[in-house]
Amino acid sequence: EIYTLSLHDALPISTTATSIDPALIARRTLLLAGARQSFSEGKYVKALGRLRQADAIIKVDGADATLLADLQKRLAPIAPQVELFLQREWERALPQLWRLHEADGSNREVTQMIVDCYYDIAVRDLQRLDTGKAADGLKEALTLQPNDEVLKREYLFAQTYQERPKDLLYQIYVKYLPFR
């Protein structure tokens with residue numbers, strides 16, 4: 001993926017600021033481009049998160065404001081679960097998402113959020129040196145998306161390090177694993 005920005009790392013700025021840091025403007029531009037790309041790929045939750053980050057930097061307007069409103073409307077039926085996901089409350093979101101998935105297995109956003117929750121929890125578990133728990137979560141995610149190469153790679157990594165000591169390579173690798 002071109003954009004590896006976290007859904008939660010937008011920097012808040014003061015509304016009374018007379019000038020805005022050019023780095024924030026560049027970041028906002030990347031977020032908006034990423035939001036449009038995610039939307040075109042049908043990844044509405046990711047697009048919504050990126051638009052909200054851009055909006056936190058400078059209020060979105062025009063086509064971007066329209067896109068934000070459209071995404072909020074599209075995701076309204078699962079808004080509580082989306083909010084939990086975007087707030088990184090993955091453990092709280094999972095039971096609700098599973099109920100939605102069981103009721104309607106064809107909802108791609110719900111399925112993707114379940115997979116991403118398991119992935120994000122596994123990343124956190126790997127960072128806490130709990131490879132067994134990480135492997136279990138990734139295995140569960142693979143049941144929903146068996147062709148996801150990143151899930152496969154991280155699952156094999158977690159399995160490998162269940163048998164091996166957590167060396168420097170492990171520590172460096174998991175430190176920089178991005179959340180979805």
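**Helix packing and the core**

Q: Hi! Is the crossing of α7 and α8 left-handed or right-handed?
A: The crossing of α7 and α8 is left-handed, where left-handed means that the near helix is turned anticlockwise from the far one by less than a right angle, and right-handed means clockwise. Helices here are DSSP runs (H or I, at least four residues), numbered from the N terminus. A caveat: this is a predicted model, where local features need pLDDT of at least 70 and side-chain atom pairs count only at pLDDT 80 or more, while totals for chains, interfaces and linings use all residues. Residues are numbered from 1 along each chain as its sequence is written, and side-chain values use heavy atoms, with hydrogens and water left out.

Q: At what angle do α7 and α8 pack?
A: Helix α7 (residues 131–144) and helix α8 (residues 149–163) pack at about 150°, and their axes are 8 Å apart. Axes are lines fitted to C-alpha atoms over the stretch in contact, and angles run from 0 to 180 degrees between N-to-C directions.

Q: Which residues of α7 and α8 meet?
A: On the α7 side they include T131, A134 and L138, and on the α8 side L151, Y155 and A158. Contact means heavy atoms within 4.5 Å.

Q: New topic: which residues touch the most other members of the largest nonpolar core?
A: V82 and L126 do, in a core of 48 residues. Helix α6 (residues 108–127) gives the most to this core, with 11 residues. A nonpolar core is a set of buried Ala, Val, Leu, Ile, Met, Phe, Trp, Tyr and Cys residues joined through side-chain atoms within 4.5 Å. Buried means under 20% relative accessible area, exposed over 50%, and partly exposed in between (1.4 Å probe, protein chains only).

Q: And what is L126 in contact with?
A: Leaving aside neighbours within four places in sequence, L126 contacts T131, A134, F157, A158, Y170, V174 and L177.

Q: Why does D116 count as buried?
A: Because D116 has 8% relative accessibility. D116 sits in α6, and touches F85 and R180, not counting residues up to four places away in sequence.

Q: Last one: how many residues of α2 are buried?
A: 10 of the 14 residues in α2 are buried, so the helix is mostly covered. Among the buried ones are V45, K46, R50 and I57. What covers them includes α1 (22–40), α3 (62–74), α4 (79–86) and α6.

Note on methods
Helices (H or I, at least four residues) and strands (E, at least two) are DSSP runs, numbered from the N terminus.
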